[in-house]
Amino acid sequence: MNIKRRTGALLMTPLTVILVMLILVPAGIFFLYSFYEFKLYEAQPAFILSNYSKVFSDPTYRTFASNTIQISVPVTILTVTAGFALAYYIVGCRSRKRTVLIALVVVSMLASYLARIYALRTLFGEHGIIGGIIEELGIGHGAPGFLLFSRSAVIIGQTYFLLPFATLVLFAGLSGIPDDLRAAGRDLGGGPAHVFRKVTLPLAGPAVLAAIVFVFFLSAGDYLTPSLLGDPNSVTIGSAIQEQLKVTGNYPLGAALSFVMVAAFALVYLIVRVAMRVTGLLPAKAGRA
Amino acid sequence: MPSNSGNGINDLLTKAPMSRRVLLSRTSAAAALLAAGPVLAACGGSSSSGTSASGGGSSAAGGEVGGELDIFVWQGYDAPVPARKAWEKKEGVNVKTSYISAQQDILPKLKSPAGEGIDVSFASPFQMEVFKEAEILTPITEEEVPNLKNLFPVFNNDIYKNEEGEFLVVPFNFGWNGMVYNAEVLGDPNSWDVLMEPELTGRIGLWDDSVTTMQFAAVIHGFDPQTTTPEQFEVIKQWLTELRPQVKMFAPSLGDYMTALSNGDIDMVPNGWNATNVFVEGNREIKTKIPTEGKLHGALGWVDCMQIPYKCDNRATAAAWINQLISGDQVSVETYEGVAGGATCENVPPKLAKATRDLFPYNDLNSLFEKEAPIALEFPQESDKYVTFDETVEAYEEFKAG
C-alpha cells in the first residue's frame, strides 16, 4: 500500500510541478499585480486596494458585469440543455453510431475558433448567405439585424462554440449510468419521464454541474466572441480585462478585474451547486465528488 | 520632390505652456542621457560609423554590421521575407523578429528582462515624453544613419529629438486615422456632421482602441490632448454619448473593421486607417477622407518611429537596418509597399508604386500635419490642470458601457 502510494506520488510529481509552475505561480504573480500601482505604463510595486475599490465602485464595470450575465446565463442554459439532449441521444445509440457521433462532436472542435467566428459572420452578415437567401426569396432585405453585431449573435455564437464541450462532459456522465438502474426504475412502475427525473437526472447531476460551470466560466471569460459578433451592448467583463491588459497596459486594474471575476465564478459555482442539491438534481454524495 | 518650410508640430510644441511636468520630464531626459552614457558606449555609442547612405553598410561604431539583429516591431515593418533575406545574406545578418501587438506593449517589454538585446523597436511621437522619462531611447546620429539627412523637413523636428538636437527616434512611416466610408451608400461626405445623420444609425464601426479614439476625438474637436481642459473634455464626452447610438460594432482590429466594411455590415469607420481602401477587397467602393467642412474637422495624424533601445547589443547592425528601411532601396520600397506606408525620406516616394504614393500629399506634408491631421501628443500621465490619460481611458470605458 505504501509502495502504491509512493508510486502514485512519484507519477503525479511531473504534473504537479507543471501545474504549480504554469498555473499557480503565474496566478500568484498576477494576484500580486492587482495590488500594484499603474504609473507610466508600468505596474509599480505597492500595496494598494484602489484597483479593487475601482472595480466595485465604478458603474461602468457594473454595466459590463450585467452584460456578461445577460449573455452567459442564456448561453449556459441553451448549451447545457442542447448538450444534454445530444449526449443522451448518443448514449442511447448502438456502438458504431455512437463512435461516429462522438467523432463528429470532437471534429467540430478542431476548427480554429477565429475561423468559426468569421464563418458565422459570413453566414449571418447583412449581405451574407442567409441574407442572400432572404433576398432571393423576396421576403426581405438582407439578414435580420439581430443575427450579427448584437447580443443575440454573441449568444448564438457562444452556444455553437461551447456545445461540443458540454456534450462531451455530459456524455461522460451519462454513459457511466448503468442501464440496470433505469430498468429497475421501469420495473418498479415508473414511466419514462419519472425514471428520467428520479434516476437518470440525479445520477447525471455531477456531470450537469460540471457542464454548467464549464460553459458559464468559458462564456463569461470570453472576450473574442463579444468583440467580433457583438454590438456596443455586448461589452463584457472579459472585454474590459482585455482592454486593460492589451490596450492601456494597466496590469494592476486588469488583474483586480480578473480576480474579482474568479471570486464571482466561485460564488456562481456554490449557488448552482446548492440549487441543484435543494432540487434533488445533485445527490449529496455525488456532489462531493 | 518639393519640400516645405515651417512646421506645425514645432508650433504646437512651442505654443504649449512649459508645465512643471514637461520641465521635469525634459530635465530628467537630459539627466537620463548623461546617465546613459556608459550604456550607450557599451552598445556602440553615437560615434562615427561607416554605414552607407544607400542603405546597409559595412561598419558602424561599436563593431561591424552582422550577427543577430533582434527587432521588436509592428507586423509588416520587418520587411517582406524575400527582400529581408537578401539583405541578411548581403550583410551577414540574421534578423530575429518579435511583433508588437499594442502600443502599450512596447515600454514594459523594453524595460523588462525580455527587452534585453532588443536592437530596434518602435515608438510614436505621442509616447515620447513617457519614453524619455523611462530612459529607453538612445541618440541616433547622422553618422550612424546617413539617410537621416533625406528626411522631409516636417520630420526633421524637435519632437523626435533630445535637448541636444540629436534624433532619439527615426520617423519611418506616417498616416492618419480619419473617415473611412462606403461611397456607394454615403456618396462623398466632407463633414463629420454626417456621423449623426439618421442613415448612419447603427451603421458605424469604431476601431476599439481607447488611446487612438480619445486622441482622435480631441483632435477633431480642435483640442490638444496635452492641454485638454475638463470643460473641453466634457464636450468630447457629450459628443461620444451622441455618437454611441450610431455605433454598430467596436472592431478589435483593423482587419476586423475592414471585413465588416467589405461585407457591407457597416458603412463608416470614423477613426479608420487612411490606407484601408488599399486593403479592402470586394465590390464595395471604400474611400478614405479627412473632412474639412463643418464645426469638427480634420483627422488624427501619426508617425511610427524606429528607435534603438538602451539594451541593444548590436548597435551597428541596428543602425544599418534603420538606415536601410528609409533608404529607398529594395527592402525599403517593398516594406512601404507592403504596409501602404508614408515614406519619411524625400528620395523614397518617386520609387513607390503610384497607388501607394498617391495615398499621401508628399508635396504638402506641412499642411497635412499642421491643419488636416495634427499629430497628437499623449494626454498627460499626471496633471492638476488638464485631463489625464487615466481619465480618458475611464471615459472611453464609460462610452462603451453606454
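1. Angles between axes are sorted as follows: under 35 degrees they count as roughly parallel, over 145 as roughly antiparallel, 65 to 115 as roughly perpendicular, and the rest as oblique. The axes themselves are lines fitted to C-alpha atoms, for helices over the stretch in contact, and the angles run from 0 to 180 degrees between N-to-C directions. The terms helix and strand refer here to DSSP runs (H or I of at least four residues for helices, E of at least two for strands), numbered from the N terminus.

2. Please keep in mind that this is a predicted model, in which local features need pLDDT of at least 70 and side-chain atom pairs count only at pLDDT 80 or more, while totals for chains, interfaces and linings use all residues. Residues are numbered from 1 along each chain as its sequence is written, chains are lettered from A and ligands numbered from 1 in the order in which they are written, and side-chain values use heavy atoms, with hydrogens and water left out.

3. The secondary structure of chain A comes to 14 helices and 2 strands, and its C-alpha atoms fill a box of roughly 75 × 70 × 35 Å along the principal axes. Chain A has 289 residues, of which 42% count as buried; buried means under 20% relative accessible area, exposed means over 50%, and partly exposed lies in between (1.4 Å probe, protein chains only). Taking contact as heavy atoms within 4.5 Å, 68% of the contacts in chain A between residues at least 6 apart in sequence join residues at least 24 apart.

4. In chain A, the axes of helix H3 (residues 59–92) and helix H4 (residues 95–108) come within 8 Å and cross at roughly 150°, and H3(A) and H4(A) are therefore roughly antiparallel to each other. On the H3(A) side, Leu86(A), Tyr89(A), Ile90(A) and Val91(A) meet Lys97(A), Arg98(A), Leu101(A), Ile102(A) and Val105(A) of H4(A). By class, this contact has 7 nonpolar, no polar and 2 charged residues, where Ala, Val, Leu, Ile, Met, Phe, Trp, Tyr, Cys and Pro count as nonpolar, Asp, Glu, Lys and Arg as charged, and the others, Gly among them, as polar.

5. Between the chains, 32 residues of chain A are in contact with 41 residues of chain B. The area buried between chain A and chain B is about 3000 Å², and carbon and sulfur atoms give 52% of that area; buried area is the accessible area (1.4 Å probe) that two parts lose on being put together, summed over both. Leu40(A), Tyr41(A) and Pro232(A) supply 25% of the area that chain A buries against chain B, more than any other three residues.

6. The side chains of Glu126(A) and Lys248(B) form a salt bridge at 3.9 Å, N to O, and Glu126(A), Arg203(B), Lys248(B) and Asp267(B) are linked in a network of salt bridges.

7. Within chain B, the side chains of Asp188(B) and Lys289(B) meet in a salt bridge at 2.5 Å, N to O. This pair links distant parts of the chain, 101 residues apart, with Asp188(B) in the loop between helix H7 (183–186) and strand E7 (204–207) and Lys289(B) in strand E10 (residues 286–289). Asp188(B) is exposed, with a relative accessible area of 55%, whereas Lys289(B), at 17%, counts as buried.

8. Another salt bridge in chain B joins the side chains of Arg84(B) and Asp78(B) at 3.4 Å, N to O, and both of these residues are buried. Ala79(B), which lies in the loop between E3 and helix H4 (81–91) of chain B, has a phi near 70°, a positive value in a residue other than glycine, and Ala79(B) is buried with a relative accessible area of 4%.

9. A positive phi is also found at Phe149(A), a residue other than glycine, where the value is near 55°. Phe149(A) is placed in the loop between helix H6 (129–137) and helix H7 (151–174) of chain A, and Phe149(A) is buried, with a relative accessible area of 4%.

How values were computed:
A salt bridge is a side-chain nitrogen of Lys or Arg within 4 Å of a carboxyl oxygen of Asp or Glu.
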